[in-house]
Every structure is written in structure tokens, then in C-alpha cells.
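Reader: I am new to this structure and would like to ask about its salt bridges. Please show it to me.

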Amino acid sequence: MSQTLFDQAMQALEWPRVLEFLSLHAQSAIGGARCRSLSLASELADVCQRQQETSEMVAWLEGSDPVPALGFPDIRESLSRASKGGVLEAGELRDCAIVLTMMAELEYYAESHRDETQRLAQVLAPLHTTKALQGVLRAIEGTIQADGAMKETASPELRRLTHHAQGLKQEMRDHLERILHSRRYEEVLQESYFAQREGRYVIPVKADMRGRIPGIVHDVSASGATVFLEPRELVELNNSIKVADLEIEREVQRILRELSAVVAAKADVINQGVEVLAQCDVIKARAEMSRRLKCHPVIVNESGRVILKQARHPLLLLAKDEVVANDIDLDETIRVLVISGPNTGGKTVTLKIVGLFALMVRAGLHLPCAPESEMALFTDLYADIGDAQDLSRDLSSFSAHMTQMIRLLSERAAPSETDALAPPRSLVLLDEPVTSTDPQEGAALAEAVLCRLAELNMKVVVTTHYGALKELAQTTAGFGNASVEFDVEQLAPTYRLFMGIPGGSSALEIAVRLGMDECLVNEARRRLHRQNQRLDELMADLQRKQRQLADDREQTQRARQEAEQAAREALALRAQLEAAEQEARRGLKKKLGEQFQRARAEVQATVDSLKREQKLIKAKETKERLRELETKTTQELAPPSEPIPMEQLAVGDTVEISGLGMTGTLLELPQGKKRVRVKVGEGEILATVANLLGIASASHVEPSQPTIAALSPHRSTTITGLGLEEQTVVDVRGQAVDEALDQVVAALDRATLDGAPFLRVIHGHGTGRLKSALREHFKSSPYVVEFRPGDRAEGGDGVTVAKLR
């Protein structure tokens, strides 16, 4: 397809307006110009890369770390002049410094976010060379101020010359002050001030008295009443100032020449950085436009598949707050889509949406549609929209449209068998083709044109009022119908698009809506052929049913979304409740720990008192109080569970021994027995069957929230090397230090109340950290008189035996 036809299509689709809106989001002059002339990719890989660039930039813009500003000056002409040996002005060098700073900032930003991007990292990769430009930047910043003026400290010689000139000028001002206050000049002065003309200091003298003061006239006022005179006594000093200023200017030019040479040496690298900044500015403009229009990236394919969900016209979004979104489905089976319906109903808008979306994806722009949409890659585009009448060429509307169509068909040769099976790469948009002529002949010619375009392997979207084209789309393979809705009750278009059904033109209804006499419209209805009336009624009925289906689908979708939202909220609430329950349990455990600390203190006080008073009753009372607290705590912390009936208990089941607060494993069947063996920890005890409660294994308390029963020690019937059946044993092997200390402290409480003389703690060898922590605790425990490692029969150094008070 020729470039002329393609340019005409872009004009018909108002593509320049889209690019102009895009350019408003660019921050640099170069970026804005490139947005207005945005190139279009022709390969799928390039299209996908541009889409990815925009997506990654959107992620940057929506992140917490602001993207660096890209409002940089255009220094390309300055760099070109410097490369040719030209001397740059101070302001031009200042602009170079601005660009170098932005390059460094963007390179640092990209480096800090390199894990978040892939394509942008490749775009910004050339900025890695900016480190080699730091010397140039420092040289400029050390010489040029931010306002573009030369710094006094740019060189020692410039500083000396500047101070010398300032001294001369101060001397001149002092001399002038004396003149202005001198009686000699009192009568000849027009006013008491001094000025400068052509770089020389002068005083205002009355024109009729200029002969009384010898000197040089440099200027005359507009009225001619005042002359600006340089008194002879100031000539030499003015000359000295002039010479000093010239010396300063020569030094400034020398410095500018040196800096220009430094810039020229790196001009290629700087130019490359400018290109990267401009490209990044365009990508950022695309991302800003995507956010402004609430666009999304879509899947791009080469199969000719166009599946647009909730598509909206981008230019309408700029003009209106609310725009009706439509689904447009043109899969691989549809080559020609015929859109019918009333005037002003949105047919042409739908046509332009497809065309603009085809251009936008190639330009790297996101589309204003749902993210699950798909858009085909069309490298050729033809659009015949609007009136093409050209009176300067004596072309009527019909002739102008025919001329363009003939040109399109002549440029497309008949496809080969292979090309006919290939996916379409050309998109043709026709707005009411072959009109402004006899309707029957126009419809027949339009049918023939559409069939030829389909044979040429083109994707075609056409709007029409011709019934013959609607019938063609309904009965021909590869063709499809669509229609825009007209609300007969409200006599207004709804701008909704329905796929799969044709639509009536509703010309008579629109005429009534616009104010035409109803009698005249009724007369027109009587003149309509009965067959045409029946067809219009049928299409109106189809649209009503389609509208009802669409409304039902929307309601179903909303209900589903609400149900999914309710489910998410329920899950979130459940998580909050579980977290609150865990927090409550942690708080309860902490509170119980404090209670046990107080109880231990009371027990220890009682033990000490017993030593002094030998009163057993007091110890028993304290023991009972601690047992009550233990029982209450066990009930509070234990999760609710249904006990297993006694007759259902089997060997290996978990049972709780009520009264003792112990949990163990059943070693023999309880049926018909009064006592059974229960394994508790590493030892065994003989428990009364009546005191056993079967508990489900799923109801065991988690190790992170141990009950008092789990922390309690157990009596071992194992005969140790000392022959002490009363010895208490607690096994903490494999536990963390904190967890083991909690269990040992609880064991000391129970052992002290039970009057056990020893406590044997099995901790194992391991790294030795647990053993050291436990023995360190025994040193300060009020319950422990002394402790020792176990002997060989007791487990050796993997056991610590504590003697209790």
C-alpha cells in the first residue's frame, strides 16, 4: 500500500490528534517533537518490545520512588558547533551541564531499579558511559554558574583581573560622587546622578551649558535638553576601566574555548546520551498517556485476531467523562465485519476504534480497553471515512470514493494460494461505501467490492445502511454482522454494539426525534414496502433480545464479582480472627507465666518457712493452690474436643490422666481393668482407668503453645543407678533453650511440691549450649541445692541430676 493512502488513513482516523495529546506529556522539546512524529513498528517483536517499555515505565511512575524529570534542553546544535571548533557561550555550556546531570541521575535511577525492568534496562544501557563524562561536568560546574554567568573563580587570572576592574570602577564611582556634590558642577548638572554610555561613565549636563565642562558627549536625551558628557578628568580612568574589561573578556573567551574543546572531545558520547534521554522522554509520555486514559497492555498477534473487551475511543475519553465501552470480536474466521444501525449511533466511532487501536499498538501505546484484549498487527491500513468530495478536481462524493477504491484495488495484486491462507496484514475501514448513487446499483457494487477485498486477504470493517450487505454478512462464510443499538422507547441511540446481528437504520424514528411532523412520518411508513417493515421489526426484536441478554450477562458478572469480593473479605476476616486468637493466646500465656512466677515465689517462701517452723499444713495449702491454678489454666488453654469413649480406646491412643494433668500414650487396653500402663515422656506410670480421658490426636496443643500438663514432669518407675524410685525425670532433648527452660522450671515446681529429692534432666550432648544454659539456671534456682552430671548408668554428661531442697 502506498504511503499516500496510508497518510490519508491516518488523517481520516485523526491520528495526528492522538499524537498531539501524547506530545503534551513530553517534558523536553525533542521528546515533544518525536511524539508528534512517532514511528510505527512493523515487526511483532518490535511491537512487543515497545509495549513492554511502556508497561515498565508505568510501573516506575506508580512506584514510590519518583522518576527523574526529563525536561532537558536541546544541545545538539551546540555539540555540532563545538565539534567543528566553535566556541560555546556560557549559557550553552550551562545547558550541557544540565543534560549531563540528567544523564547521571537517570543512570543512577535505572541502576537502582534494574531488577524491576528488562526492556528499559536495554534502552538506558548506553548511559553507563556517563561516568566517563563526570570530568566534563565538573569542569563546567566549576566554571559556569547556574544562571549561565561565568564564575569569578573560573581561573586565578580571571579573579585577579576582575578584582582589578572592580577597584577601578569603585575609584570611578568615588570620583563621580565628588563631581555630583561639587559646586563647580552644581549649575551645569541636569540631575544629580551618573550613568553609562557605550561602557563609559558619564554625567547628565544641561544642553545649553555643555561648553562650560570640557569633555566628550556620548549621548543626548530624547528631548534634547540633556547631554551625557564624559568630563575630561574621567577620560583616563574610563580608558583604564575599558582596558580592564577587555582583558577580562579575553580571559573569559580563553576559558570558554578550553571548555568547548573538552565538550567537543566527548560530543559523540553526549549526543548518544541525548538520544537516550529523548527516547526515555517519549516512553514516559506514552506511560503518562496510558495512566491518563486508564489504558492497559494487550496481547498482540499476527493471526488477524481482534478481540477487544470494553474498548473506548481514545479521543472521546479526552472530551467526555463517561464513554460507552463495547466488545469488538473479529476472530480468525471473520474477514469482513458489516456494522449497521441508525445514524449517530456509533458505527463510525467503532470503525475508528479498530483503526486507531491498530496504529496505537504499533506506536507502543497501551489501549483503552480491558487487559484481556487482543489486537492484530496490521502493517497496511486504508480508511475511507467521511465525504471525499473535491470540487477543485471536479469530483463528486461518489466519484471521489470510487477513485480511492480503484487505487486501493489496483495496488493489490491477486494473492497466491499461500498468501490466501496467510493471516491478513492489511486493515480496510469503509464508512458507508458506494453511496450517493442509485441504492440498488450501489448495494450491488458494494457487495462486489467487499467480496474482492476478502479474496485479497484483507481484514475489512464496513458500516452501511444497505440491506443487501447485511444479508451478505449473514449468509456468507468469512463475513459477520454487528449493529449499534437504538432505543425505540427513548428515541435515542445507546451507542452499544451487538455482535452477530444486523441493525435497522431507524431513520423514521430519528426524524421524529429531530422534530419532523408525525403525520409526515406516518405517511412515509405507509409508503414503505411491507417486506421492509417486517425486516425492520425483526431486527428491532433481535436487538431487544440481545440487549436483554447483555443486561443479564452484566448482572451475572456483577453478582459473581460481588460474591468473589465477599469470599475474599470472609477469608480476610477469618485470617484476622485467627491472628487475634493467636494474639489472645500469647497474652494469656504471658499472664499465666506471671501468675506462676508469683506462685513459685509463694511456694519458695512456704518452703523456707517450713524449714524454720516445720509446719506441713502450710506447704499443703500452697500445693493445693498451685494445683487449682494449674487445673484452671489447663482448662483455659486446652482446645475444645470431644473425648473418645472408654470402650473405643485402643493401644497407641493419646489419653489424659485427670487430676495429674499429664498426657501420654496408652500401652494396653483398658477394658475390664482397673489400672493400665501409660507411657508419659520416656517413662511409664500405672494409671487408674477411671481417671483416663481419650483425646483425639488432632486436638493436641501445638508445641508453640504448651499446656501446663505438657510442661509437667512425670514420675519414673525406672530403677536408676542410685536406686531411687522417687526420682523425677524430664526429657528436653531437641528443644530450644527457652522452651527447655520453661519445661524444667515447671518440673522443678512439681518436684518441689511432690517432695522429690532429685530431678533428672535429660538434655543430650549436641552442641552443649542447652546443657550449659540448664546448669547455669540450676546455679541460681532457689529449689536446687546442688547438681551434678549423670553417671554412666544415668546417661553420663547428657544428663544433669539436681538435688532439691
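Predicted model: local features only at pLDDT ≥ 70, side-chain atom pairs only at ≥ 80, totals over all residues.

Reader: How many salt bridges are found in the whole structure?
Author: Side chains of opposite charge can pair when their charged atoms come close. A search of the whole structure for such salt bridges gives a total of 33.

Reader: Which parts does the pair of Arg119 and Glu53 tie together?
Author: The side chains of Arg119 and Glu53 form a salt bridge, with N to O at 2.7 Å. Arg119 belongs to residues 119-123 and Glu53 to residues 44-61, so the pair ties together parts 66 residues apart in sequence, namely helix α7 and helix α4.

Reader: Are Arg119 and Glu53 buried or exposed?
Author: The cut-off for buried is under 20% relative accessible area. Both Arg119 and Glu53 are classed as buried.

Reader: Where do Arg291 and Glu288 lie?
Author: Their side chains meet in a salt bridge of 3.9 Å, N to O. Arg291 and Glu288 are three residues apart, about one turn of the helix, and both lie in helix α11.

Reader: Why does Glu288 count as partly exposed?
Author: Partly exposed covers what lies between buried, under 20%, and exposed, over 50%. Glu288 counts as partly exposed because its relative accessibility is 25%.

Reader: How many residues apart are Arg425 and Glu302?
Author: Arg425 and Glu302 form a salt bridge with their closest N and O atoms 3.7 Å apart. Arg425 is in the loop between α15 and β11, while Glu302 is in the loop between β5 and β6. The pair links distant parts of the chain, and the separation in residues is 123.

Technical notes
Residues numbered from 1 in each chain as written. Heavy atoms only, no water. Salt bridge = Lys/Arg side-chain N within 4 Å of Asp/Glu carboxyl O. Helix = DSSP H or I, 4+ residues; strand = E, 2+ residues; numbered from the N terminus. Buried < 20%, exposed > 50% of the residue type's maximum accessible area, 1.4 Å probe, protein only.
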